[in-house]
Structure formats: structure tokens, C-alpha cells
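User: Hi! I am new to protein structures and would like to learn how to read some features. Could you walk me through a few?

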Amino acid sequence: MRIIWIFLLLTGCSLWTGTYGKTPPPSVERIAHLLPEDLGDLPPKVVIALLVRNKAHVLPLALTYLDQLDYPKDRIALWIRSDHNSDASVAILSEWLKHVEPLYHSVDKLFNDTDQRHQDEKSLLDWPQARFHHLISLKEQAFVYAQKIWADYIFYLDADVLLTEPRTLKHLTDLGLPIVAPMLLSEGLYSNFWCGMTPDYYYLRTDMYREIYNVQQEGVFQVPMIHSAVLINANYNGSSYLTFDRENLRTQLQNGLEYAASLGEQCRMYDGPVDDIIVFAISANCSKIPLFITNEVPFGYILQPLENTDQLEQDYKQLQNIKTNIIHDLGQVAEVKDYLKPYERKEEKDKLSLDHIYMINLERRPERREKMLKLFEALNLDVEYFPAVDGKRLTPEMIKELGIKFLPGYEDPYHHRPMTLGEIGCFLSHYHIWQTIVEKQQKEVLILEDDIRFEPYFKEKALGVMEQIRKVIDYDLVYFGRKRLKDEVEPWVDNTENLVHAGYSYWTLGYVISLKGAEKLLKAKPLEKLLPVDEFLPIMFNRHPNKTWAEAFPERDLLAFSAAPLLLYPTHYTGDYGYISDTEDSYVIESHQTNKSPSAAQLKSDPERSFLVEPRLDSTNVDLSEQKTTTTADAKSRDEF
């Protein structure tokens, strides 16, 4: 009515006679422009359907991120079901709702822990038919509820999804699509969508999947399968064909079998498993209702599904990995609401069975230090901050006082220049830790730099590497992170699964050094013939290609090995956005030596010259980097009922 009266006012139109004045009627765009800017359409009404079972370890963080969604809570109705729990899931949900329920439009909840397992359920991660049928029934009920309260959308959300992007719901509803999911990140290449489906309804690996996951292509893509965080437009006419129920799907196909069969082999009479997400995908695909995934925004993260032979402890370790990824990618993990903190799992920090762990960091790089401290907190690592020697503060007088002399003939193999102040500071930082190790008689120490990325399951892998090497061989140094510089064979250490004899390597991202190893490095008196630390170490274990440099250090008997695969990588490579080098981006110390010997060293700044170790023929490692295809339960991230 407001628009009508504005129209009458401007044109002199008579509402009753239909006569007009001399001024032509304004366009719809002009009328809309006259409306107050602070008024407009309300956001769509959304039902969030949350199904929870045995997710106490992830719920506090998942609910914290859910609360941070930048969407009017009075336009959100919560539909929550939780039963068959053997942990504190219901207690956490109840405590959360006690604080947030008044903020939402409405809350429909039903909690029941009378029974902890379904019929024929052998373990908490087993999926008997009874469990599938229960989950399917709940999802069908949720959709009926959304229709009953005239919701515009229903958002099915798994409890192990961390929506780190506050604008997720706003972004998805703005797309106005029938069915869409936000792309979620996990370990390896696992995500909440498929780009291909086999004739028997399981995951099919495609090149397109990698391109979408790695955001080599950015946008909204039609795909055959989405799950775990799915937004459905309840106003779309085709939504009436959607179902999670196998028998409902078969009935629909029976009624339109000729039409469905024309859409492809997968739309024959459904003979696949009783599985909610597979049935849902087929019901959409065989009704010509497109499913979409969007990677336009980094929306969040998802835990991988567990095998029925796994333990819930594995899920906790996954959560640790996801937290480290969030810190690497976003800078920090959201702080859990105070009233939910008592439910978070607490563990004592440890030192990976070592005597000590040091982290080297420049005082003028507090952002790196803070990020590393957050990573150590997420990994429950007990690490001591060791202030680095700042090359920019070194003066010729200080260098002379330290007794530093440069190795005759040394020049950087890439830049063909003498050492920089930053490289001197870096060497001195490691040198001072070696001195501390000897002074305190610390038998095994891990030295970390502040620009590293931890591989998934870092702690477990690090403990495994140390256990292996202690059992089979004497050692002085073990690389956890490095850069191989020669395409040469690095023999496996006998009777180990994850250790090789280290060849010529760069980088000192992270390495374990023994007391005996530190003593050997100090005994070589490297300050009297200084060169960068990542040139010095390969010389000391006699794998440096420049024999002239090596001859300056007669005792080259350091016993050096490397984890394989590596446990640490740099956060940035040379040329990457955000790359900063505190060793190379500093003043050059001019050498007075004029005699330059030829160098056989590889280029120092080439990030591509990291060679992979040859795979062991007896390796039993399993590739978990992409979607699994072996069992029905593998089809999704299982966190509900």
C-alpha cells in the first residue's frame, strides 16, 4: 500500500477513476528508489536441523561457531535431536540452549539417552540398519517441521562441522538455489561433496574434484552429491520430490520409471544401500533438481568419517589437526563460550618424550610467536620460547667480539654473495641452543623455528619416529622438516618404517639433536669459519657437495637422519604471498676474501627442489586424502545417530 500512495502522490493519479495527470507514471525502479534505505525484505526464515550423537569433544567449538553466524537469530528456528549417547552431548546441548534459546525464533528439541546403542550395534561407530533407519526418520521429520512452520529454507548441519565463516548462511541464502552446500576443508582432500558417482552409487574420483577443492576454479558448481552441511529451499516446487528414505525413493521412481531411466543409469529402479545421503542425492538427481557446491568463500572445516573399527579417540586427534589448520589458515581458533569450557577436554602438555623443546623467534616478530603459541596450545606441547639473535642488531664490532670469521671462499650458491646479517643471526640462534643443551646436559632436544606448518597427527608421528630410531641406531640429529637439494638415493634405515639417512638438505625448520650431536657441532668451532647453518649441518654429516667447504671441518661424523615422510613444512615458500625471510632480507656482510672456489651447491631459493623419498615396498600406509568408497558408512561424515 505504501508504494501505491507514493505513486498517487507523484503522478496525481486518482485511485478511483483511473485518470492521470500530465506527468507519466514512474518506473518500478524509481519507486523502489524512493523507499527508505533502512527498510526492505526480511532475511529468509531458516530451520537449522542439528542431529547429535557422541560429539561432546567437538560440540563446544561447533556450537561456538554456530553462535557466531552473522544471521538474525530471530529468523532462525532450531530443530535439535540427540539420543543414544554415551558422553556429555545432551548436557552440552542443554547448557548451550539455556543461554541462547531466547535469541532464536523457536527451538524444537528432543533429547533421550535411555538407550546408548541401537539394535545390533557392535560399537559406537557401527552402522546397523536400525541406526540408519532412525537417522533417516529424523531427517524426514525435520523437513516436515520446516514446512509446517512455513520456513523458507532448511539447513541440515552435522555436529562435526565448524562454520568458521560468519557469513555462511547469508551467502548461501543469497544464492537462491534449490540445494547448495558450502565447501568444507579437512585432512588431505576430504570434503562434503563428490564430483563423480559410480553406477553403484559410490564415490568416483575426478580431476574436477581436486580443482574445486584446491580452488583452482572458484564459483558455484553442480555436483552429484553433497552432505553434512546442506541448505534446501523449502519454497522450491521440486523439493517435494526430495527424500532420505529408500522406500520413498523407490516408490517415486516406480511412478516415473520411464522418465527417471531417461536421465541415466543411476536413475534405474534404486537398488543401492539404505543410506540417507546417497538416497537424497539420487532423489534429487533423478528429479532433475540440481545439487550445488560453492567454494567462493572459505566456509569452514569438517572431520573425516571414522571406520567402525576406530575409536572415538581418533576423532579427538582429528579435531586437534583441524584446530592447527584453522590457526594456520585464519590465525586463531574461536574461543569457546565460558559456560561450555568445562566440557572441553583437558590434557597435560608434554615434550614428545624428549628432554626439551625450544622455539626460536625474533622478538620483533610477535605475530609469529603468538601463532606458534596457539599451535602449541592446540597440540598440547610444552615448548620454551628462545629469543633469536636479531641479525639487524648485529654490528661489525659485535661480530668481532664474538670471534666470528667467515669461511674462505664461501658465497651463497644462488645469489653469489657473502652471508647476510640475518643468516649470521640465524646461525647464532641455533648455536646458542646447542650451547644450552650442553650446559644443561639435555640428552634429546627438539629445535623448532617459527614459520612451520605441522603435518596431521604430528605428535603421534613424532613419537613413532623417536621410538624407532632409539631402538635401532645411534643418532646425533633427526630432521623433522627440511628441503632435499639433490635427487639422490637416501637409504632407508634398517628395521624402521619412517627414517632415512639424510642427504644434502636445506632448512632448519625442526630437528631433534642429541647431547652428543650438540657437542660435535660445538667442537667443530663453526664461528671461526662461519657459513649458514643449513650449509654447516650437511657438511658435518659429510653429505655436502662442495668438498672445498667441507675440508674446512675435518671431523664430519655427525649421524644425521630424517623422518620420512616429513613432519614439518614451511608456512610459505619463496615467492608465496606473505613470504618474509629474516635471513635473506638483511644486509650483506662483505667478505674480504677474494679467492672464490667453484660451488657445486644447488639453488637455495628454489622451492620446487624438494624430492620425495622412494616409497617402501613393504609400506602399509593407506591414502586417506580423498573420499573413501568401500562401505556405506564411508559415504559421509557420520556424527548423528
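**Reading the features**

Analyst: Gladly! Let us start with a pair: aspartate 474 and lysine 516 join their side chains in a salt bridge, at 3.3 Å from N to O. Aspartate 474 sits in the loop between α15 and β18 (477–484) and lysine 516 in helix α16 (residues 515–523), so the pair ties together parts that are 42 residues apart in sequence. This is a predicted model, where local features need pLDDT of at least 70 and side-chain atom pairs count only at pLDDT 80 or more, while totals for chains, interfaces and linings use all residues. Residues are numbered from 1 along each chain as its sequence is written, and side-chain values use heavy atoms, with hydrogens and water left out.

User: What is a salt bridge, and where do the helix and strand names come from?

Analyst: Side chains of opposite charge can pair when their charged atoms come close. Here a salt bridge is a side-chain nitrogen of Lys or Arg within 4 Å of a carboxyl oxygen of Asp or Glu. Helices (H or I, at least four residues) and strands (E, at least two) are DSSP runs, numbered from the N terminus. Asp474 and Lys516 also belong to a network of salt bridges with Asp476 and Lys520.

User: How many salt bridges does a search of the whole structure find?

Analyst: The search finds 31. One of them joins arginine 364 and aspartate 390, at 2.6 Å from N to O. This pair links distant parts of the chain, 26 residues apart: arginine 364 is in the loop between β14 (356–361) and α12 (366–379), and aspartate 390 in the loop between β15 (384–387) and α13 (396–401).

User: Is aspartate 390 buried or exposed?

Analyst: Aspartate 390 counts as buried because its relative accessibility is 10%. The cut-offs are under 20% relative accessible area for buried, over 50% for exposed and partly exposed in between (1.4 Å probe, protein chains only). Arginine 364, with 29%, is partly exposed.

User: Which residue forms a salt bridge with aspartate 450?

Analyst: That is arginine 368, with the closest N and O atoms 3.2 Å apart. Aspartate 450 is buried, at 11% relative accessible area, and arginine 368 is buried too, at 18%.

User: What should I know about backbone angles?

Analyst: Most residues other than glycine have a negative phi, and most peptide bonds are trans. In this model, tryptophan 150 has a positive phi near 60°. Tryptophan 150 lies in the loop between α5 (129–148) and β4 (153–158) and is exposed, at 69% relative accessibility. Tryptophan 507 also has a positive phi, of about 75°, but is placed in strand β20 (residues 505–514) and is buried, at 18% relative accessible area.

User: Which residues does a cis peptide bond join?

Analyst: Alanine 564 and proline 565 are joined that way, with omega about 5°. Proline 565 is in the loop between β21 (560–563) and β22 (568–570).

User: And how do I look for empty space inside?

Analyst: Rolling a probe the size of a water molecule over the atoms shows where empty space is left.
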